Amino acid sequence: MGVSKNNKKRIRILCLGNEIIADDGLGPLAAEAFRSKLWEGVEVVDSSEAGFHLMDYLMETDEVIIVDSIQTGKAAPGVIYHLKEDDLPQYQANSPHYTGLLESLQLGRSLELEMAKKVQIIAVETFDCQTLGGEMHPDVRSSVPKVVEIVEDYLN
């Protein structure tokens, strides 16, 4: 995505997850729902990648809206969290093997790459993000239309 000629904000919806791992399939399922919508200047991407592999998805756009599953154990499956980058604790991974989204964003900015200026995260509480081939929890699956609605309201 290059610089928009009409000065419209470039937005990327990045849906993270892996459909073969129970509730972690939330991201690809949400991406499918987002692709049925047509928003000018909005790109929908889904990926099962992690760590520094995410850096490419955080570049050359004004804003990234991340949709992902989260397992805090503090809420029921299907609960939706809407977070901004500043809401997340600053964390430094002990090893490049444990880097995540924020470390990728921070590294890109420190290297003065064209990174997203604004990052929002829509995270859905899950029940099981470890079972290969497991079924998605019904409350996690039923959260997808609400996730789409939250993003749609924001974009409008």
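## Overall layout

The protein has four helices and five strands (DSSP runs numbered from the N terminus: H or I of at least four residues for helices, E of at least two for strands). Going along the sequence, they come in the order β-α-β-β-β-α-β-α-α. This is a predicted model, in which local features need pLDDT of at least 70 and side-chain atom pairs pLDDT 80 or more, while totals for chains, interfaces and linings use all residues. Residues are numbered from 1 along each chain as its sequence is written, and side-chain values use heavy atoms, with hydrogens and water left out.

Of the 156 residues, 44% are buried (under 20% relative accessible area; exposed is over 50%, partly exposed in between, with a 1.4 Å probe and protein chains only). Among contacts (heavy atoms within 4.5 Å) with a separation of 6 or more, 78% link residues 24 or more positions apart.

In soluble globular proteins, nonpolar side chains tend to be buried together.

## A buried glutamate

Glu63 sits in strand β3 (residues 63–70). Glu63 counts as buried because its relative accessibility is 0%.

Its side chain makes a polar contact of 2.8 Å with that of Gln120 (N or O atoms within 3.5 Å, one able to donate a hydrogen and the other to accept it within protein; residues adjacent in sequence count only if both atoms are side-chain atoms). Beyond four places in sequence, Glu63 touches Lys9, Arg10, Ile11, Arg12, Ala116, Lys118, Gln120 and Tyr154.

The protein exposes about 8800 Å², with 52% supplied by carbon and sulfur atoms (Shrake-Rupley method, 1.4 Å probe; for residues, only the protein chains shown count as cover).

Leu113 lies in the loop between α2 (101–110) and β5 (118–125). At 35% relative accessibility, Leu113 counts as partly exposed.
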